[in-house]
Amino acid sequence: MPLEQPASDAEIFTIERVFDASPELMWDVCTKAEHLGQWFGPPGTTVKVRTLDLKPGGVFLYGMEMPGGVTMWGKWVFREIDAPRSLAYVVSFCTEDGTPVRHPMMPLWPLEVLAVQEFFAEGGKTRMKSRSWPIHATAEERAVFTAGHASMQMGFSGAWMQLDAYLARMKG
């Protein structure tokens, strides 16, 4: 199934970083529950992995427990899997049982965002590139997503710093 395309290049959120790990290890830490629970999510959150079924149509259902005890639930529905090169999935906020819901703090956030992660070998390390954009969204939801790029940059940067630290502990 072809992936939905963004309305414009400006709405694509892109972030990339080089990690000191092989593409195979990067694939594992990004697709296996035992690893995702160790680094995924914004700093200060605890991630609860409810389920992870890595196949087209499969679901990664997780809760991010915030300081203070509130848990925000999210899910990925996998679209395309090309291990260890790329992964495409639809991201949404949801209830604990996986029913999609609006972002709890941003009601005009798109219900669905398509994410594509790519892994490139570079001199014994891996460059991970993540791109995402709203799908099945109104013009207003797309504008809210685009306006949120800076906060997403901060969130991903924090999570990827945790991933760097996790990879270093694995090597240690």
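**Strands, pocket and turns**

Colleague: Which residue in β7 is the bridge partner of E122?

Modeller: In β7 that partner is K125. This is a predicted model, where local features need pLDDT of at least 70 and side-chain atom pairs count only at pLDDT 80 or more, while totals for chains, interfaces and linings use all residues. Residues are numbered from 1 along each chain as its sequence is written, and side-chain values use heavy atoms, leaving out hydrogens and water.

Colleague: What makes β6 and β7 a pair?

Modeller: Two strands pair if DSSP finds at least two bridges between them. β6 and β7 have 11 bridges in the antiparallel sense, so by that definition they pair. They form a hairpin with two residues between them, and G123 in the turn has a positive phi of about 55°. Strands here are DSSP runs of E with at least two residues, helices are runs of H or I with at least four, and both are numbered from the N terminus.

Colleague: Why are β1 and β2 placed at the edges?

Modeller: The open sheet has seven strands in the order β1-β7-β6-β5-β4-β3-β2, with antiparallel pairing. β1 (13-19) and β2 (46-52) each have a single partner strand, so one side of each lacks a neighbour in the sheet. On average, neighbouring strands are turned by 25° against each other, direction ignored; axes are lines fitted to C-alpha atoms, for helices over the stretch in contact, and angles run from 0 to 180 degrees between N-to-C directions. Helix α3 (residues 139-147) packs on this sheet and touches β1, β6 (112-122) and β7 (125-135), its direction making about 150° with that of β7. Contact here means heavy atoms within 4.5 Å.

Colleague: How do you know whether Y62 is buried or exposed?

Modeller: Buried means under 20% relative accessible area, exposed over 50%, and partly exposed in between (1.4 Å probe, protein chains only). Y62 has 5%, so it is buried. Y62 lies in β3, with V49 standing opposite. Not counting residues up to four places away in sequence, Y62 touches several residues, among them F40, M72, W73, W76 and V91.

Colleague: And what about H136, buried or exposed?

Modeller: Its relative accessible area is 59%, so H136 is exposed. H136 sits in the loop between β7 and α3, and has a positive phi of about 50° although it is not a glycine.

Colleague: What makes the lining of the largest pocket nonpolar or charged?

Modeller: Ala, Val, Leu, Ile, Met, Phe, Trp, Tyr, Cys and Pro count as nonpolar, Asp, Glu, Lys and Arg as charged, and the others, Gly among them, as polar. The lining divides into 26 nonpolar, nine polar and no charged residues. Of its 35 residues, P42, M64, F93, M152 and F156 lie nearest the centre, and α4 gives the largest share, six residues.

Colleague: Why is that space called a pocket?

Modeller: On a 1 Å grid over the protein atoms alone, a pocket is an open set of points with protein on both sides within 12 Å along at least five of seven lines, whereas in a cavity a 1.4 Å probe fits but cannot get out; lining residues have an atom within 4 Å of a point. The largest pocket holds about 910 Å³, with grid points joined across faces, edges and corners and the volume being the space filled by probe spheres set on the points.

Colleague: What is the omega of the bond joining A83 and P84?

Modeller: Omega is about -10°, and the peptide bond is cis. P84 is in the loop between β4 and β5.
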